[in-house]
Amino acid sequence: MDELKAIYRRALPAHAAALEAARDTPASELAHTARRIAHSLRGSGGTYGFPQVTAAAAAVEDARDTELLQRIDDLIALLHRVAGEQG
């Protein structure tokens, strides 16, 4: 399982980069793209033993439009933190 967790961690920066790139798109596209990425992370976080990723991704998926950018930023920061963890 540790090897799978390491593989998952290595994939997180790509998800963060996709979310960062989405921030530069029109609001309607941003919402769709961010929620699609978050949906994927919401499911995979729990599967690979990262409930904090699941929670942050759920917050993006469930966010009101007025709070979406903050939730995306929170998720991006978390993805970078988890990607940098050892173990």
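Predicted model: local features only at pLDDT ≥ 70, side-chain atom pairs only at ≥ 80, totals over all residues.

Biologist: Is alanine 38 buried or exposed?

Modeller: Alanine 38 is buried, with a relative accessible area of 0%.

Biologist: And which residues is alanine 38 in contact with, leaving aside its neighbours within four places in sequence?

Modeller: With those neighbours left aside, alanine 38 is in contact with Ala57, Val60, Glu61 and Leu75. For another landmark, the C-alpha atom of alanine 38 is separated by 14 Å from that of alanine 21, a residue 17 places away along the chain.

Biologist: OK, on to the helices. At what angle do the axes of α1 and α2 cross?

Modeller: Helix α1 covers residues 2–22 and helix α2 covers residues 27–47, and their axes cross at roughly 165°, coming within 9 Å. The two helices are therefore roughly antiparallel to each other, and α1 passes α2 in a left-handed crossing.

Biologist: Which residues in α1 and α2 meet there?

Modeller: From α1 there are Tyr8, Leu12, His15, Ala18, Leu19 and Ala22, and they meet Leu30, Thr33, Ala34, Ile37, Leu41, Ser44 and Gly45 in α2. Sorted by class, this contact of α1 with α2 has nine nonpolar residues and four polar ones, with no charged residues.

Biologist: How far apart are the axes of α1 and α4?

Modeller: The axes of α1 and α4 are 8 Å apart, and the two helices pack at an angle of about 155°. That makes α1 roughly antiparallel to α4, and the crossing of α1 and α4 is left-handed.

Biologist: Which residues meet in that pairing of α1 with α4?

Modeller: On the α1 side they are Arg9, Leu12, Pro13, His15, Ala16, Leu19 and Glu20, which meet Ile72, Leu75, Ile76, Leu79, His80, Val82 and Ala83 in α4. The residues of this contact divide into ten nonpolar, two polar and two charged.

Biologist: That leaves me wondering about α2 and α4; what angle do they pack at?

Modeller: Helices α2 and α4 pack at an angle of about 40°, with their axes 11 Å apart, and they are therefore oblique to each other. As for handedness, α2 passes α4 in a left-handed crossing. The contact is made by Leu30, Ala31, Ala34, Arg35, Ala38 and Leu41 of α2, together with Leu68, Leu69, Ile72, Leu75 and Leu79 of α4. By class, the contact of α2 with α4 has ten nonpolar residues, no polar ones and one charged.

Biologist: Changing topic, how many salt bridges does a search of the whole structure find?

Modeller: The search finds seven salt bridges.

Biologist: Could you take me through a few? What does arginine 9 meet in a salt bridge?

Modeller: The side chain of arginine 9 meets that of glutamate 85, with an N to O distance of 3.7 Å. This pair links distant parts of the chain, since arginine 9 sits in helix α1 and glutamate 85 in the segment after α4 (68–84), 76 residues apart. Arginine 9 is buried, at 8% relative accessible area, whereas glutamate 85 counts as partly exposed at 35% relative accessibility.

Biologist: And where are aspartate 65 and arginine 35?

Modeller: Aspartate 65 and arginine 35 are joined by a salt bridge at 3.6 Å, N to O. Aspartate 65 is in the loop between α3 (51–62) and α4, while arginine 35 is in helix α2, and they are 30 residues apart. Aspartate 65 counts as exposed, at 61% relative accessibility.

Biologist: Which residue forms a salt bridge with glutamate 61?

Modeller: Glutamate 61 forms one with arginine 42, and their closest N and O atoms are 2.9 Å apart. Glutamate 61 lies in helix α3 and arginine 42 in helix α2, so this pair ties together parts that are 19 residues apart in sequence. Both count as partly exposed, glutamate 61 with a relative accessible area of 22% and arginine 42 at 31% relative accessibility.

Biologist: Which residues are linked in a network of salt bridges?

Modeller: That network links Arg42, Glu61 and Asp62.

Methods:
Residues numbered from 1 in each chain as written. Heavy atoms only, no water. Axes fitted to C-alpha atoms, helices over the stretch in contact; angles between N-to-C directions. Helix = DSSP H or I, 4+ residues; strand = E, 2+ residues; numbered from the N terminus. Parallel < 35°, antiparallel > 145°, perpendicular 65-115°, else oblique. Left-handed = near helix turned anticlockwise from the far one by under 90°. Contact = heavy atoms within 4.5 Å. Nonpolar A, V, L, I, M, F, W, Y, C, P; charged D, E, K, R; others polar. Salt bridge = Lys/Arg side-chain N within 4 Å of Asp/Glu carboxyl O. Buried < 20%, exposed > 50% of the residue type's maximum accessible area, 1.4 Å probe, protein only.
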